[in-house]
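Dear colleague,

I am handing over the structure below, and after it you will find what turned up when I went through it. Please read the notes with the coordinates open beside them.

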Amino acid sequence: MKSAMKIVMLLFFFATHFMHAQNDTQKCRYTKTSQGYLMVLREGDNVLASIENLVKEQQILSANFTGIGFAQEVTFGFYDFSQKKFHPKTFNKVEMGSLTGSIAWSDGKPSLHIHGVATDDKFDAYGGHILAMKVGTGSMEIYITLNNEKLERKIEQPLNANVLQLPCLNK
């Protein structure tokens with residue numbers, strides 16, 4: 001009876017440890033580096049929301065980032081200056097050969113500006129301003145480099161464009 005109880009307790013311990021290890025892996029999406037953060041996003045993750053959550057959680061003042069990986073879906077937008085709006089186009093099952101962007105703030109919320117280039121299985125490339133993106137099969141790696149000061153974006157007219165505001169240098 002005692003040996004059966006030991007076996008049950010051992011099985012319980014391993015099952016609990018295995019489930020805990022799986023949960024830790026599922027929760028971990030970023031780690032601190034010497035220059036900022038490294039994010040590893042997985043299938044189904046919303047890339048823009050994940051970056052915005054990191055910015056809020058870690059109180060990032062401003063940063064720039066680069067990335068690569070697979071996208072289940074990416075929506076690019078081409079800004080029409082005469083209509084003052086983006087014309088979106090979505091592509092599915094593509095590889096992000098390049099992803100680059102900046103992080104600032106606007107009206108108390110994180111403000112991302114992201115561009116990228118995606119290729120399909122025929123090696124056709126599409127690129128431009130990214131409006132939305134979900135990670136596809138595999139993963140997406142994003143390297144975030146921190147800046148020292150908080151930067152803001154503001155809507156500038158007459159184009160209605162959200163422009164990064166820089167502090168003027170004193171002479």
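Rings of Phe, Tyr and Trp, the last represented by its six-membered ring, are taken as a pair if their centres lie within 6.5 Å, and planes under 30 degrees apart count as stacked while those over 60 count as edge-to-face. By that criterion the structure, which is a predicted model, holds 5 aromatic pairs.

Of these, one is formed by Phe76 and Phe91, whose ring centres are 6.0 Å apart and whose planes stand at 65°, so the pair is edge-to-face. Because Phe76 belongs to strand β3 and Phe91 to strand β4, this pair ties together parts that are 15 residues apart in sequence. Both Phe76 and Phe91 are buried, and for Phe91 the assignment follows from a relative accessibility of 13%, where the limit for buried is under 20%.

Phe91 also pairs with Tyr126, and here the ring centres are 4.1 Å apart with the planes at 25°, so the arrangement is stacked. This second pair links distant parts of the chain, with Phe91 in strand β4 and Tyr126 in strand β6, 35 residues apart. Tyr126 has a relative accessible area of 25% and is therefore partly exposed. Taken together, the ring pairs link Phe76, Phe91 and Tyr126 into a cluster.

If you look at Ile142 in particular, and leave aside residues up to four places away in sequence, Ile142 touches Tyr37, Leu38, Met39, Leu41, Val47, Ile51, Phe65, Thr66, Gly67 and Leu99.

The largest pocket has a volume of about 460 Å³. Its lining consists of 21 residues, of which Tyr79, Phe86, His113, His129 and Asn162 are the closest to the pocket centre. At least two residues of this lining come from each of β3, β4, β5, β6, β7 and β8.

Lastly, some notes on the backbone, which may be of use when you prepare the model. The peptide bond from Gln157 to Pro158 is cis, with omega near 15°, and Pro158 lies in the loop between β7 (152–156) and β8 (161–165). Asp107, in the loop between β4 and β5, has a positive phi near 55° although this residue is not a glycine; its relative accessibility of 73% means that Asp107 counts as exposed. Phe123, which is found in the loop between β5 and β6, likewise has a positive phi, near 70°, in a residue other than glycine, and at 71% relative accessibility Phe123 counts as exposed.

With best regards

Conventions
Residues numbered from 1 in each chain as written. Predicted model: local features only at pLDDT ≥ 70, side-chain atom pairs only at ≥ 80, totals over all residues. Heavy atoms only, no water. Contact = heavy atoms within 4.5 Å. Helix = DSSP H or I, 4+ residues; strand = E, 2+ residues; numbered from the N terminus. Buried < 20%, exposed > 50% of the residue type's maximum accessible area, 1.4 Å probe, protein only. 1 Å grid on protein atoms, 1.4 Å probe; cavity = no way out; pocket = protein on both sides within 12 Å on 5 of 7 lines; lining within 4 Å. Points joined across faces, edges and corners; volume = space filled by probe spheres on them.
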